[in-house]
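Thanks for coming, everyone. Let me put the structure up, and then I'll walk through it.

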Number of protein chains: 2
Amino acid sequence: MELDAYLEHTADQVDRLIDRYFGAPVGELNRAASHLLTAGGKRLRPALLILAADAVRKGSSDDLMPAALAMELTHTFTLIHDDIMDRDSYRRGVPTVNHKWDEPTAILAGDVLNARAFSFLVGAVAPEAARIRATGMLAITCDELCLGQHLDMTFSSRNDVTDGEYLEMVEKKTGALYGASAAIGAVLAGASEPQVEVLYRFGLACGVAFQIQDDLIDLLAPPGTSGKDRGSDIREGNATLITILARDRGLDLSPFRHPLSEAEIEEVIGLVADQGIFDEVRGRAHGIVRDASALLKILPDTEERRLLLALGEYFVARGA
Amino acid sequence: MELDAYLEHTADQVDRLIDRYFGAPVGELNRAASHLLTAGGKRLRPALLILAADAVRKGSSDDLMPAALAMELTHTFTLIHDDIMDRDSYRRGVPTVNHKWDEPTAILAGDVLNARAFSFLVGAVAPEAARIRATGMLAITCDELCLGQHLDMTFSSRNDVTDGEYLEMVEKKTGALYGASAAIGAVLAGASEPQVEVLYRFGLACGVAFQIQDDLIDLLAPPGTSGKDRGSDIREGNATLITILARDRGLDLSPFRHPLSEAEIEEVIGLVADQGIFDEVRGRAHGIVRDASALLKILPDTEERRLLLALGEYFVARGA
């Protein structure tokens, strides 16, 4: 099976579960909690959980799909809360929960999904010790996601963020849940300790690469293709690997902190490209995934390990 | 041991754990998460968890103290989020997290405590099956707490809330976590299924009585003694058992929806008392606890069962 087909199959199964549990919400709070979840998404975290489980044992891991859903619920819970903090009005082409309802409802909607994630995971089809360990990993991960989001917020008032600090923030804000998805899939499938460890590190690397790629897409995606507001990181002066490296090389992007025309965005792109920054950023993302991929050689040489490696490539290749 | 001494002993132990894990927070987010937790509190939910465990087995349940702390963390998480929704500025004599920091930090601080609650509970000193069941119960309870808070919010725009609807809201918003505290203590201590069931119902009843008593205190506590803003439910037109019964008996309290003088508060108290409403409200709270207390006769006849019954009495007697 090719990666695309695998991801499509997993997403279909996750969507089916979402439809079963969140497709006909009763009451306004459940409607708010289901809103963003049912608005689509690539379901990459659930796919990574299933793929990691498949990579450490023979046979189907379809019975772990509710545990995989827990990762998507956790992700969506953080999106709902982040949208309140960022006062965002749209996401995935639909109004955010805080915009369509209000802030109090959005706080509670996120809290509801957080609770449901724990319900699904603790009820996973796996030995008791594995369920306990997986649930403990999710709890620690939720803690890290909060710390990552908080670091990200503090960065907006600083102009001296280092690339090391940036990567630490991205590891917590984005990497940790990918790492946990892979490690939890491994734990529930009965992986050995070294397998759990390398799958965590692989997932973490994928998540970090994903975020770096997102920063590239923010600036480089042709207008109207990414579904995002192009150049927003430059306009808002956000710390990203691109803007940090630009600053470190003496490139002053502060004159571009205002609504940008397409011509101005092209000008920024030219300035950044002249410094070789895009190549360096892409190189770092590739390096992070390559190093983590090398660790996967301790896994059995199977179709699923090949798909994991392909998933790593997918994370650094998308939109680039 | 008398109940007061038991509660004091448990609170001391909880405070010691809080001091160990939250007493020297590193970083601004951890400081915000620890703020309200370290500001004191009666630690009644942890006490109920320990007492329920003590009531179903011989010997000390001190090893369940981290699990008991999980109940306090869950409670504090909901307080932090509720304070954002209600735009409250002070609680327990200190500024709320949203007031001392800001809303985004308060959202994350609540989320952090929610995550830590699951960490502590899933790591409880108990057999694996019991830890799994207890963690699943906490997840369902968090879901109910959200629903209860949401119901409470929707009530503020209605003037036709029935006493049945009010009690359903209170069961979810306040009762559920007391019920879970008792039931989780029982589960972790190896209780039988009927014991878990009656302890849940007893805890739930205590929580409901606690809230009804809070409503009485809001109106009746001598000025300056409750630490709360006296008469706030009348001023804000909140649905409580008192205001619902008043409305049902044709007593119009809407002329008092404005900042109230002491004389006006006394006038309201007189009007409500004339209708026998205080007696009925107290009678209901007593009845709820009495019915649940009767169920406890299936527990062994021990000192701890006597303390549980005394705790039920304490909930309906405080401040009355």
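Start with Glu280(A): it counts as partly exposed, because it has 14 C-beta neighbours inside 10 Å. The scale runs like this: buried is 20 or more other C-beta atoms within 10 Å, exposed is 12 or fewer, and partly exposed is in between, with C-beta atoms placed from the backbone. Glu280(A) sits in helix H13 of chain A, residues 277-295. Its C-alpha lies 14 Å from that of Leu167(A), 113 residues apart along the chain.

A word on the model. It is predicted: local features need pLDDT of at least 70, side-chain atom pairs count only at pLDDT 80 or more, and totals for chains, interfaces and linings use all residues. Residues are numbered from 1 along each chain as its sequence is written, while chains are lettered from A and ligands numbered from 1 in the order in which they are written.

Which residues of H1(A) are buried? Leu7(A), Thr10(A), Val14(A), Ile18(A) and Phe22(A). They share one side of H1(A), because they cover an arc of only 80° around the axis, taken from the directions from the helix axis to the C-beta atoms. The face turned away carries exposed residues Ala5(A), Asp12(A), Asp19(A) and Arg20(A).

Last, the interface. Chain A and chain B each put 31 residues into the contact (C-beta atoms, placed from the backbone, within 7 Å). On chain A's side, H7(A) gives the most, with 15 residues.

How values were computed
Two residues are in contact if their C-beta atoms, placed from the backbone, lie within 7 Å. Helices (H or I, at least four residues) and strands (E, at least two) are DSSP runs, numbered from the N terminus.
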